[in-house]
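Please read the following walk through a protein model with the sequence and the 3D view side by side. The text moves from one part of the chain to the next.

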Amino acid sequence: MTVQTTLQLGSETSTVLCTEDDRVVLQQELPLGTASLARQWMRHTPPTPLDIEHAIEQTEDVVMPLAAHLARTEQLQLRGSGAALILQGVGAAPDATLQWNLDEVEDLFNRIAMVSQGRPSGQEALPTAPEFYAAMVILRECLHHLRFCGVVLSALSK
């Protein structure tokens with residue numbers, strides 16, 4: 001049996017899609033997107049630690065109830081405009097597919113946290129756009145609270 005969980009990370013909303021052997025077993029729209037989260041909480045450029053903390057709290061409130069409904073898979077498939085923001089932010093080609101484990105996502109998030117605390121963004125070679133920060137908050141919280149070990153990022157739909 002092949003089980004796959006995909007987060008289609010959009011700008012205003014997102015969709016979680018779980019399939020087993022290509023059969024949809026869960027499809028849930030989430031009131032969470034990169035632009036909507038950035039508009040609501042990321043009020044500074046780059047966002048402050050407090051901006052990020054508020055965004056994390058909102059993301060946890062949306063994501064945590066999903067944990068009881070998802071079949072356990074090792075990796076989250078991240079697609080859509082949110083994946084494109086992250087790929088662009090780390091300097092990957094628009095059609096690239098990146099595979100990161102949880103530690104690699106945490107390392108990137110820690111770099112983002114340092115920029116939010118005042119380290120010049122140029123030292124970390126990261127964008128300061130609030131939507132990029134929002135995409136990373138959503139990705140990180142999904143990995144943690146939905147118990148994924150890693151993520152495959154692709155801006156292209158499959």
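What follows describes the confidence of the model, then its helices, and then some single residues.

This is a predicted model, in which local features need pLDDT of at least 70 and side-chain atom pairs count only at pLDDT 80 or more, while totals for chains, interfaces and linings use all residues. Residues are numbered from 1 along each chain as its sequence is written, and side-chain values use heavy atoms, with hydrogens and water left out.

The mean pLDDT of the protein is 93, and 99% of its residues reach 70 or more; pLDDT is the predictor's confidence in each residue, from 0 to 100. Among the elements, the lowest mean pLDDT, 81, belongs to helix 5 (residues 121-124), and the highest, 97, belongs to helix 2. Helices (H or I, at least four residues) and strands (E, at least two) are DSSP runs, numbered from the N terminus.

Helix 1 covers residues 34-41, and its buried residues are T34, A35, S36, L37 and A38. Buried means under 20% relative accessible area, exposed means over 50%, and partly exposed lies in between (1.4 Å probe, protein chains only). The buried residues of helix 1 pack against strand 1 (3-9), helix 2, helix 3 (81-89) and helix 6. Contact here means heavy atoms within 4.5 Å.

T34 is in helix 1 and counts as buried, at 2% relative accessibility. Not counting residues up to four places away in sequence, T34 touches L9, G10, S11, G82, L85, E131, A134, A135 and I138. The C-alpha atom of T34 is separated by 20 Å from that of D107, 73 residues apart along the chain.

S81, found in helix 3, also touches L9, G10 and S11, again not counting residues up to four places away in sequence. S81 counts as partly exposed, at 38% relative accessibility. From S81 to A135 the C-alpha distance is 9.2 Å, although the two are 54 residues apart in sequence.

Next comes a pair of helices. Helix 2 (residues 49-63) packs with helix 4 (residues 102-116) at an angle of about 135°, and their axes are 8 Å apart. Axes are lines fitted to C-alpha atoms, for helices over the stretch in contact, and angles run from 0 to 180 degrees between N-to-C directions. Helix 2 and helix 4 are therefore oblique to each other. Under 35 degrees counts as roughly parallel, over 145 as roughly antiparallel, 65 to 115 as roughly perpendicular and the rest as oblique.

Which residues of helix 2 and helix 4 meet? P49, I52 and I56 come from helix 2, and F109, I112 and S116 from helix 4. By class, this contact of helix 2 with helix 4 has 5 nonpolar, 1 polar and no charged residues. Ala, Val, Leu, Ile, Met, Phe, Trp, Tyr, Cys and Pro count as nonpolar, Asp, Glu, Lys and Arg as charged, and the others, Gly among them, as polar.

Helix 6 (residues 130-145) has 16 residues and reaches 22 Å from its first C-alpha to its last, close to the 22 Å expected at 1.5 Å a residue. That expected span is 1.5 Å times one less than the number of residues. Just after helix 6, R147 takes a positive phi of about 60°.

Positive phi values are also found in two loops. D21, in the loop between strand 2 and strand 3 (23-30), has a positive phi of about 50° although it is not a glycine, and D21 is partly exposed at 48% relative accessible area. A125, in the loop between helix 5 and helix 6, likewise is not a glycine and has a positive phi of about 50°; A125 is exposed, at 61%.

Two prolines remain. The peptide bond from T45 to P46 is cis, with omega near -5°, and P46 is found in the loop between helix 1 and helix 2. P127 is found in the loop between helix 5 and helix 6 and is partly exposed, with a relative accessible area of 26%. P127 and P46 are 81 residues apart in sequence and 8.4 Å apart in space, C-alpha to C-alpha. Leaving aside neighbours within four places in sequence, P127 is in contact with G89, F132 and Y133.
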